[in-house]
Amino acid sequence: GCEAFYREIFGNRFWDSLDSAETDDRHHSEAITWHWEARLALLKGERPPNDEFAYFPIWSRGNMKTMIAETMVCVDALLSHAYDQPGFCLYIGREKDKVKENIQNIEALFGSPQVRKYAPALSQVAKDTETNQQGRWTASLIQTQSKYAVKGATVESAQAGSKMKETRVTFFLPDDIDSRDESPVMAETKYKKLTAEILPMRQANTLTFFAQNLINRFSTMYRIYKGQSKALAN
C-alpha cells in the first residue's frame with residue numbers, strides 16, 4: 001500500500017512529518033495518495049479514481065510542495081519500473097537554476113540506497129540496445145536504464161524535446177511557475193504558453209501535479225482554481 005511503500009523507500013521520518021500536527025488536515029498524504037492510486041490505475045490500463053488526472057496543491061509557502069513533488073517523481077519512476085512500462089516526467093519551473101536544483105534532488109533520490117535496492121536501473125544511464133550508445137544524463141535531463149526519463153525545463157523551453165524516444169510526457173509537474181513580480185501581460189503570456197503549447201502534449205496516461213500557491217488574480221493557478229479557465233478540468 002501507499003503508506004507502507006513510502007515508509008520503506010523514504011523512511012518513517014518522512015511519512016511522520018506529513019500533514020498537520022495541530023489539526024486533522026491531511027493535505028500532504030491526500031496528494032500522495034491521489035498520485036499513487038491514479039498512477040497504479042493507469043499502469044493497469046484503467047482510469048484514475050473519479051477521473052482525476054490532475055491535482056492542485058494550493059498550499060502556503062514552506063508547506064513542502066517541492067519536496068512532495070520531487071518525492072512523487074521518484075515514486076512515479078518506481079511504479080513504472082515495477083510494471084515495466086516507460087515513463088517521462090517533465091518538471092517545469094520558473095528559473096533555470098531552480099529547475100536544475102530540482103533535477104539534482106530527484107537524481108539523488110534515484111541513487112539512494114533504498115531505491116537502488118529495489119530498482120538499481122533507475123540510477124543507471126540508459127543504453128540503446130540497437131546502437132549500444134548511452135543516453136544523456138545532464139544537469140537538466142535524466143535518462144535511466146529503467147526506461148524512465150526526467151527533464152527539467154522552464155515554461156519558455158518546455159516544449160522543446162517533449163518526447164523521449166517514443167515516450168511522450170506521462171507526468172507533468174509545474175512547480176512555482178507563477179511569480180508575484182509578473183505584470184498582467186507577462187502572466188497572460190505564460191498562461192497561453194502553458195495551456196496552448198505545453199499541456200496539449202499530454203496523452204491518455206498523463207498525470208499533472210500543479211505545485212503552486214495562489215499568487216494574484218492574473219496568475220495561471222488562480223484562473224484555473226476560480227474556474228475562469230477550463231485547463232485541466234474534467
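Predicted model: local features only at pLDDT ≥ 70, side-chain atom pairs only at ≥ 80, totals over all residues.

Student: How roughly do the axes of helix α4 and helix α5 cross, at what angle?

Tutor: Two packed helices are described by the angle between their axes and the distance between the axes. Helices are DSSP runs (H or I, at least four residues), just as strands are runs of E of at least two, numbered from the N terminus. Axes are lines fitted to C-alpha atoms, for helices over the stretch in contact, with angles from 0 to 180 degrees between N-to-C directions. Here, α4 (residues 65–82) and α5 (residues 96–110) have axes that come within 10 Å and cross at roughly 45°. The pair is therefore oblique; under 35 degrees counts as roughly parallel, over 145 as roughly antiparallel, 65 to 115 as roughly perpendicular, and the rest as oblique.

Student: Which residues of α4 and α5 meet?

Tutor: Contact means heavy atoms within 4.5 Å. Thr-66, Glu-70, Thr-71, Val-73, Cys-74 and Ala-77 in α4 meet Asn-102, Asn-105, Ile-106, Leu-109 and Phe-110 in α5.

Student: And how are α1 and α4 oriented to each other?

Tutor: The axes of α1 (residues 2–10) and α4 come within 12 Å and cross at roughly 105°, so these helices are roughly perpendicular. Among the residues that meet are Phe-5 and Tyr-6 in α1, and Met-72 and Leu-78 in α4.

Student: Is Thr-206 buried or exposed?

Tutor: Buried means under 20% relative accessible area, exposed over 50%, and partly exposed in between (1.4 Å probe, protein chains only). Thr-206 is in the loop between α7 (184–198) and β8 (207–209), and counts as buried because its relative accessibility is 3%. A polar atom of its side chain lies 2.6 Å from the backbone oxygen of Val-169, and the Thr-206 side chain also reaches the backbone nitrogen of Gln-203 at 2.9 Å.

Student: What about His-27: buried or exposed?

Tutor: His-27 belongs to helix α3 (residues 27–43) and, at 13% relative accessibility, counts as buried. Leaving out residues up to four places away in sequence, His-27 touches Asp-19, Ser-20, Tyr-55, Trp-59 and Asn-63.

Technical notes: Residues numbered from 1 in each chain as written. Heavy atoms only, no water. Polar contact = N/O pair within 3.5 Å; in protein donor to acceptor, adjacent residues only side chain to side chain.
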